[in-house]
Amino acid sequence: YAIPARPIMALPPIIVAQTVAENTASLAVLRKLGFKRGADEGGLCRFSLERAGWRDPLNQMVLVEHDKKRFLPLLLEADEQESMIDRYLKKGTMYALYSGDLKAVCVLRAAGDGTVEIKNLAVMPPYRGQGWGRHMLDFVARRYRSSAHTLLVGTGESPATLPFYEACGFTYSHRVPDFFVENYDHPIVEGGVQLKDMVYLKREL
């Protein structure tokens, strides 16, 4: 899941930075990123940071236009039947969120009448519960605020998924009875609950 068309440079074990003592803004940023101040030289303040302590503050959102299927293993985490993913992946708009490595992906489709539907939102397993899903949703809301008025997402009555979307500002819209029973070739179970109806939630932009 390397960042598309973006080379990744290997960083040395220790990162060194320096700035003038009068630049209080730079000093504050370096401290916030975890740099430790060392001995000053020639009016310059020297800082160092061990690579193991680095946390990339620059989140990169990438528009994925080609070879979307390379993300299939992650997409299946949110929609576990490939044939259902195929219904929306090719014509959908896909974003991938990186911060050092891949954190999350999201696929959207225009639903008409000023509504954009989230078809798939998946976070890499090691990074769940750290706010990456919410970060992706906030990005989508900002991205489409000027061209749409509502975000729509369909999900099952999962004890984990529904509270997540509600915490992100989504409210109940409507439901499609027996969607999972009629469209999937096997029972879909999340959190010990077999999903039957598709529950649609909305968030006004």
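User: Which loop is Asp67 found in?
Analyst: Keep in mind that this is a predicted model. Asp67 has a positive phi of about 55° although it is not a glycine. Its place in the chain is the loop between β4 and α2 (72–78).

User: Is Asp67 buried or exposed?
Analyst: Exposed means over 50% relative accessible area. Asp67 comes out at 52% relative accessibility, so it counts as exposed.

User: What is the phi of Asp113, and where is that residue found?
Analyst: Most residues other than glycine have a negative phi. Asp113 has a positive one, near 55°. With a relative accessible area of 72%, Asp113 is exposed. You'll find Asp113 in the loop between β6 and β7.

User: How many residues lie between β6 and β7 in their hairpin?
Analyst: β6 and strand β7 (residues 115–123) run antiparallel, joined by 8 bridges. Within that pairing, Val105 stands opposite Ala122 in β7. The two strands form a hairpin with Asp113 in the turn, and the number of residues between them is 2.

User: Which residue in the turn between β5 and β6 has a positive phi?
Analyst: Strand β5 (residues 93–99) and strand β6 (residues 101–112) run antiparallel, with 7 bridges between them. Thr93 stands opposite Leu108 in β6. The two strands make a hairpin with 1 residue between them, and the positive phi of about 85° belongs to Gly100.

User: What stands opposite Thr115 in β8?
Analyst: Thr115 has its place in strand β7, and 4 bridges join β7 to β8. At 16% relative accessibility, Thr115 counts as buried. Leaving aside neighbours within four places in sequence, Thr115 is in contact with Ala110, His149, Thr150 and Leu152. The one standing opposite in β8 is Thr150.

User: What distance does helix α4 reach from its first C-alpha to its last?
Analyst: Helix α4 (residues 132–144) has 13 residues. At 1.5 Å a residue, 18 Å is expected, and the model is close to that. The value is 19 Å.

User: How far is the charged end of Arg143 from the centre of the ring of Tyr144?
Analyst: Tyr144 is one of the buried residues of α4. The charged end of Arg143 sits over the ring of Tyr144, with a distance to its centre of 5.0 Å.

User: Which residue's ring face does Lys103 lie over?
Analyst: Lys103 is placed at 4.3 Å from the ring centre, and the ring in question is that of Tyr127.

User: What kind of pair do the rings of Phe164 and Tyr165 make?
Analyst: The whole structure holds 6 aromatic pairs. Phe164 is partly exposed at 29% relative accessibility, whereas Tyr165 is buried at 6%. Their ring centres are 5.1 Å apart and their planes stand at 65°, so the pair is edge-to-face.

User: How far apart are the ring centres of Phe179 and Phe180?
Analyst: Phe179 and Phe180 are both buried. Their planes stand at 85°, so this pair is edge-to-face, and the centres are apart by 5.6 Å.

User: Which residues do ring pairs link into a cluster?
Analyst: Phe164 and Tyr165 make an edge-to-face pair. The cluster linked by ring pairs consists of Phe164, Tyr165 and Phe170.

Conventions: Residues numbered from 1 in each chain as written. Predicted model: local features only at pLDDT ≥ 70, side-chain atom pairs only at ≥ 80, totals over all residues. Heavy atoms only, no water. Pairing = 2+ DSSP bridges. Expected span 1.5 Å × (residues − 1). Buried < 20%, exposed > 50% of the residue type's maximum accessible area, 1.4 Å probe, protein only. Phe/Tyr/Trp six-rings, centres within 6.5 Å; stacked < 30°, edge-to-face > 60°. Lys NZ or Arg CZ within 6 Å of the ring centre and 35° of its normal. Contact = heavy atoms within 4.5 Å.
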